[in-house]
Amino acid sequence: MENYKRKGDLIPHVYGSVPLVGSWDSSKALPMERESASMWELSFVVPPNHETLDFKFLLKPMHNNAPCIVEEGPNRLLTRGTLQGDARLALFRLNAEEVLEYRIFIHADRVSPFDLAASWRAYQENLRPSAVRGIPDVSINSVPVLGAENCSSASLELDLEHYLVPAPSTSANSGLVYAANNTETPRSLTLAGVFNNMDASGSVSHSFKDGGLSVDRPATIKEMEVIVPDSSRVYSGSGMVESKSVGAFSPFQKQDSHRGLLVDRGVGSPRLAKSASASTFPIDLKIDTETKNSMPAAAGAVAAAAVADQMLGPKEDRHLAIVLVGLPARGKTFTAAKLTRYLRWLGHDTKHFNVGKYRRLKHGLNQSADFFRADNPEGMEARNEVAALAMEDMISWMQEGGQVGIFDATNSTRKRRNMLMKMAEGKCKIIFLETLCNDERIIERNIRLKIQQSPDYAEEPDYEAGLRDFKDRLANYEKVYEPVEEGSYIKMIDMVSGNGGQIQVNNISGYLPGRIVFFLVNTHLTPRPILLTRHGESKDNVRGRIGGDTAVSDRGEVYAKKLANFVEKRLKSERAASIWTSTLQRTILTASPIVGFPKIQWRALDEINAGVCDGMSYEEIKKNMPEEYEARKKDKLRYRYPRGESYLDVIQRLEPVIIELERQRAPVVVISHQAVLRALYAYFADRPLREIPHIEVPLHAIIEIQMGVTGVQEKRYKLMD
């Protein structure tokens, strides 16, 4: 049920014939659940040969006992999952003059009784609250059956494609928050008293949460279409050469599932392991030339630039402003959000300043396309005013210690850009980042997402009217648009499609700008899942010792089989997917039962180096090295084990992994270690660096990250306790 105009606290309900809700008593009507800002839904199960269901919709107040409002017209009839008649609208007469209109959608899936029973039993019996960001964990067959030949077959016999774990609640740091509003409340507007006359029922003030405007959006996996390239193009090259640094096979490499050639690409780089069995993965034995040449070389160039800047001093001011340029619906905000997340993860104090938020706070939500006309002097003055306010806020934030400000607006004329450069003169270095897109299909998709997600249209009841208004606004911008030709700039041309495109750079130098260009080259919008999991329990886990390179325990072997079964079901149609492990045997052994996918070993995915503490328990460290124990306890993020690593060191060596994950267009399963997965998860979840050492990443659990057009979402599965 869809309606773009919210009306107080009225909640849509369904009531009707006995098989559906029990009676025509309105007090027993079933409430529909909000799926997004505009959608309400109700799911129910009926036998395939059910009789016609007779029902109606009604609106009930949430917090009081006011009379219900029943929809007008005859009763609705549902036969075999199909809504009879032409009644695709539900009309509610609120009073003599006002009628509320909802659009009706019916979607029916045929589910076998076995799948239905398994799904319901798993959900009812195994749902457990989690301490991590309010995300429920689903524990499936949590009691391991040790010694079973195929213990996983009985535990996951349900359709994972249709089994949706409840999404996390919307919060300021959630992937469900509209990215344009992740900035704090602008100080310049707050001090001006913008909110003085707004009460709790106002259209703006009530929607604030944790300092940002939040807008619900659909989070169901069914809306994600994973597009994968042709496998013959993914692994293209002249052949594989055995590395001289890998002499003999280790004991675990001698197993059938691990016998094969290893190509060592150096510290921080992956190596591809191919089984001798053709059943392991049906891809020709050729190395990924593109990955081999471009990724490590580019990473090395970035590292060299970092060293040069440390020795010779940076070539630009410490304060850097990335000023977005581009027409609406060209991916500016998406790019700004990803770049902000990446730079924060690397330790650069970065903040996203969205000028649209300043405009909405200063001038309200309901600005029509006329407000954006170049020949509207009042509108032009108002838009320049809020742009200047946002720029002043960004400069003030930099003067208080901020490093990289990302200024998100169209900035489509030279006059506007000259104004910003004049304001920044002597205070920060400006690099213009222009996003250009010539693919009408992508533009149309972005426009529709904009109507659904932008606060500008949250109160527009008519979707088509909002669509027409936005296209009129776009036409107004197109009339006066002037491409960037001045100053330092980066142009992203048709990059969002992921099918090539190009990047042009002008007057770009220095370590951080080079890093930004390198990141942007590898970003795209192709939706795909990334599965993160620790290795199965190791023998050192049982003994409570850190580091080491021991094999997995009996429970670890059980988890390896369960994981293989899970991956087979979850990625059964994703032949271009790949499995990434560290070079330590506990991750390789965990991956060994998984067949049908290429396996890549990354030295960068190895566990944090515990140095002289490797192989010790924490109790032994506390007893024999009390000063080290206390130093680690005080600051786990920066503490470096003697002759070992800190979490910050791990983040630095993981940067090539993050770049490659961003570059991938097919699903990836990462089997690694606790500290490493904490750092990787923090990148996708946009968690502060200080939280990384404390993120919960339990054994025998899977975190599924969904990367796509609408941002980053996650689900969690717990296969064993």
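Student: Is N411 buried or exposed?

Tutor: First, the ground rules. This is a predicted model: local features need pLDDT of at least 70, side-chain atom pairs count only at pLDDT 80 or more, and totals for chains, interfaces and linings use all residues. Residues are numbered from 1 along each chain as its sequence is written, and side-chain values use heavy atoms, without hydrogens and water. Now the term: buried means under 20% relative accessible area, exposed over 50%, and partly exposed in between (1.4 Å probe, protein chains only). N411 has a relative accessible area of 0%, so N411 is buried.

Student: Where is N411 placed?

Tutor: Helices (H or I, at least four residues) and strands (E, at least two) are DSSP runs, numbered from the N terminus. N411 is in the loop between β18 (404–408) and α9 (414–424).

Student: What is phi of N411 near?

Tutor: Start with the general idea. Most residues other than glycine have a negative phi. Phi of N411 is near 45°, a positive value in a residue other than glycine. N507 also has a positive phi, near 60°. N507 is in the loop between β21 (502–506) and α12 (511–521).

Student: Is N507 buried or exposed?

Tutor: N507 has a relative accessible area of 53%, so N507 is exposed.

Student: What does the side chain of N376 reach?

Tutor: A polar contact is a pair of N or O atoms within 3.5 Å; within protein, one must be able to donate a hydrogen and the other to accept it, and residues adjacent in sequence count only if both atoms are side-chain atoms. The side chain of N376 reaches the backbone oxygen of D370 at 3.0 Å. N376 is found in the loop between α7 (355–363) and α8 (377–399). At a relative accessible area of 13%, N376 is buried.

Student: Leaving aside neighbours within four places in sequence, which residues is N376 in contact with?

Tutor: Contact means heavy atoms within 4.5 Å. With those neighbours left aside, N376 is in contact with D370 and F371.

Student: Why is strand β20 largely enclosed by the rest of the structure?

Tutor: Count its buried residues. Six of the six residues of β20 (residues 488–493) are buried, so the strand is largely enclosed.

Student: Which residues of β20 lie on each side?

Tutor: In a regular strand the side chains alternate between the two faces of the sheet. In β20, S488, I490 and M492 are on one side, and Y489, K491 and I493 are on the other. Both faces are covered.

Student: How many bridges join β19 to β20?

Tutor: Two strands pair if DSSP finds at least two bridges between them. Six bridges join β19 (residues 429–436) to β20, and the strands run parallel. F432 stands opposite Y489 in β20. L433 has I490 as its bridge partner in β20.

Student: Which way does β20 pair with β21, parallel or antiparallel?

Tutor: β20 and β21 pair in the antiparallel sense, over five bridges. The bridge partner of I493 in β21 is Q502.

Student: How many residues of β19 are buried?

Tutor: Seven of its eight residues are buried, and β19 is mostly covered. Strand β16 (residues 320–325) is joined to β19 by six bridges, and these strands run parallel. There, L320 stands opposite K429 in β19.
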